Amino acid sequence: MQAPAAAQSVPGPVHWASRADIPESWKRRFALIDRAGGPELPRFRDLTLGERMSVNFNVLAFLFGPIYYLIKGLWRQTISYLLLSIPAFALLDALGFERYERHVVLGFAALWSARANVGYYRKVVHGQGPWF
């Protein structure tokens, strides 16, 4: 027995590699994330050092953090990371460790940078807006 014509014409999800709205640079990153086993990156060690850097470092996210995340539509992660960073700075100020704020800024910039590519992958490929 054959399925009705209406059921056959419903398209399935389009794979990210064939989507025209995704730039080639992101397709390369997405391919590396796929090779590493998806967003949890269980096979991360199988990638070369340069490939690992492509997956785990985003220069624009390092420099512009929350602004970059908002532009990419990762508002949930923006809220989460800001809710982590604001109390950290307030605690440093309250304890009199203002001179260490530069180190905390660099630490949060590294966090923004390290999570940007996988967060954007989850948003575009899986349709999930991750919180972390």
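This is a predicted model: local features need pLDDT of at least 70, side-chain atom pairs count only at pLDDT 80 or more; totals for chains, interfaces and linings use all residues.
Residues are numbered from 1 along each chain as its sequence is written, and side-chain values use heavy atoms, with hydrogens and water left out.

I begin with the helix pair. Helices here are DSSP runs of H or I with at least four residues, numbered from the N terminus. The axes of helix 4 (residues 59-71) and helix 6 (residues 101-125) come within 8 Å and cross at roughly 70°; axes are lines fitted to C-alpha atoms over the stretch in contact, with angles from 0 to 180 degrees between N-to-C directions. The two helices are therefore roughly perpendicular, a term for angles of 65 to 115 degrees. Contact, meaning heavy atoms within 4.5 Å, involves A61, F62, G65, P66, Y68 and Y69 of helix 4, and L106, A109, A110, L111, W112, S113, R115 and A116 of helix 6.

P130 is buried at 9% relative accessibility, where buried means under 20% relative accessible area with a 1.4 Å probe, protein chains only. Not counting residues up to four places away in sequence, P130 touches R76, Q77, G119 and R122. P130 and L74 are 56 residues apart in sequence, yet 7.6 Å apart in space, C-alpha to C-alpha.

Finally, E51 lies in helix 3 (residues 49-56). E51 is also buried, with a relative accessible area of 18%. Leaving aside neighbours within four places in sequence, E51 is in contact with L32 and R35.

Notes: Buried means under 20% relative accessible area, exposed over 50%, partly exposed in between (1.4 Å probe, protein chains only). Angles under 35 degrees count as roughly parallel, over 145 as roughly antiparallel, 65 to 115 as roughly perpendicular and the rest as oblique.
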